[in-house]
Amino acid sequence: MSTQCADSLCGEPPKLHHMDSDTAYHAAKFGMWLFLATEILLFGGLFCAFALYRWMYLEEFSRASEELNVWLGGTNTIVLIVSSFFVALAVDAAQKGNNKKVSSYLLYTILCAATFLVIKYFEYSAKYHHGLFPANPEFNSPDFNKAYRSFFGLYYCMTGLHAIHVMAGMVILLWIRAKAKAGRFSEKYYTPVEVGALYWHLVDLIWIYLFPLLYLVG
Amino acid sequence: MENKTDNSHMGHILPFRVYFSVLLALLALTIITVAVSRVDLGTWNIVVALLIASAKALLVALFFMHLKYEDKLTWFYAFIPVFLLILLISGVFIDNPFRG
């Protein structure tokens, strides 16, 4: 049990009028799974579009894919897997009521997320310097390969939407970390850590599919 | 304290080695998927890449996300979007090749 806690509830679950804390815990977790289902379908639309365009322009997609840097993409894959590992350990620490460890593991997770975004920034910059971006007039001209445009349009939509999720995840994890630092969690109450971690794992799950599709097979 | 083993009402606590083994498996599969992509297998490249990605996704879901220890309802909602996505992609591929 944490001895110093800035939080008024100090490790106790919030008092709810409409349900007991056990039910609240399961409902919160189930709610997140439900939300993750809609997230999979949100990305699913893009995966479907990618599948169709790849089928239509098989040759061009595999050539366009070679423009992407496998080493940077691969490094980012490893960064996200390690971040997922850290957030899983944060949940484990929360289940044992160790707020200090929750706070450190969440910090490592957030640092991995920041590393991911920095690498992504360098990747986007490289594409920008090669003129491979939709706002470039040359990129939009008719003599620029239509299939190339489709590939990079999908690349930016898919990795961009994913990057927004990374940023949202960072904000959520920072907020949970602040709660952990205030000594909010205990063996009896750690719902936000577990639910926040579920969201973070989804960010990893999506990238697990994005990496081979965009960088490896195109 | 005497109730320490009875945590059935709360989430599952897994030993550290489970998380660590999953991490190692995920890193190994990442290296394998990059290595396999360097070999030209034709159409099989994408099949292998998707199979490896799905194995990784399953490891993350089952152990990192504790899906293995969740109830049937959670399992249902975890897999229904996968089913719907397969339906969507199949629908598009049944339709598109037959358009004029």
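Between chain A and chain B of this predicted model, 4 residue pairs are in polar contact, both partners having a pLDDT of 80 or more. On chain A, the side that touches chain B draws at least two residues from each of the helices α1 (21-56), α3 (70-95) and α7 (191-217). Of the elements of chain A, α1(A) gives the most to this side, with 18 residues, and the residues of that side divide into 32 nonpolar, 7 polar and 9 charged.

In terms of residues, 48 of chain A are in contact with 44 of chain B. The size of an interface is often given as the accessible area lost when the parts come together. For chain A and chain B the buried area is about 4,200 Å², with 80% of it on carbon and sulfur atoms. Across this interface the rule finds 1 salt bridge, and a salt bridge joins the side chains of A:K29 and B:E70, with 3.0 Å from N to O.

| Residue | Location | Relative accessible area |
|---|---|---|
| A:A197 | helix α7 of chain A | 2% |
| B:H66 | loop between α2 (44-64) and α3 (72-95) of chain B | 3% |

A:A197, which lies in helix α7 of chain A, counts as buried because its relative accessible area of 2% falls under the 20% cut-off. Leaving aside residues up to four places away in sequence, A:A197 touches A:V87 and A:V91. A:A197 and A:Y105 are separated by 92 residues in sequence, while their C-alpha atoms are 11 Å apart in space.

B:H66, in the loop between α2 and α3 of chain B, is likewise buried, since its relative accessibility is 3%, again under 20%. Although B:H66 is not a glycine, its phi is positive, at about 60 degrees.

A further element of chain A is helix α6, made up of 36 residues (residues 146-181). At the start of α6(A), a side-chain oxygen of A:N145 comes to within 2.7 Å of the backbone nitrogen of A:A147. After the helix comes A:G183, whose phi is positive, near 75 degrees.

Terms used: Residues are numbered from 1 along each chain as its sequence is written. Chains are lettered from A and ligands numbered from 1 in the order in which they are written. This is a predicted model: local features need pLDDT of at least 70, side-chain atom pairs count only at pLDDT 80 or more; totals for chains, interfaces and linings use all residues. Side-chain values use heavy atoms; hydrogens and water are left out. Helices (H or I, at least four residues) and strands (E, at least two) are DSSP runs, numbered from the N terminus. The expected span of a helix is 1.5 Å times one less than its number of residues. A polar contact is a pair of N or O atoms within 3.5 Å; within protein, one must be able to donate a hydrogen and the other to accept it, and residues adjacent in sequence count only if both atoms are side-chain atoms. Contact means heavy atoms within 4.5 Å. Buried area is the accessible area (1.4 Å probe) that two parts lose on being put together, summed over both. A salt bridge is a side-chain nitrogen of Lys or Arg within 4 Å of a carboxyl oxygen of Asp or Glu. Ala, Val, Leu, Ile, Met, Phe, Trp, Tyr, Cys and Pro count as nonpolar, Asp, Glu, Lys and Arg as charged, and the others, Gly among them, as polar. Buried means under 20% relative accessible area, exposed over 50%, partly exposed in between (1.4 Å probe, protein chains only).
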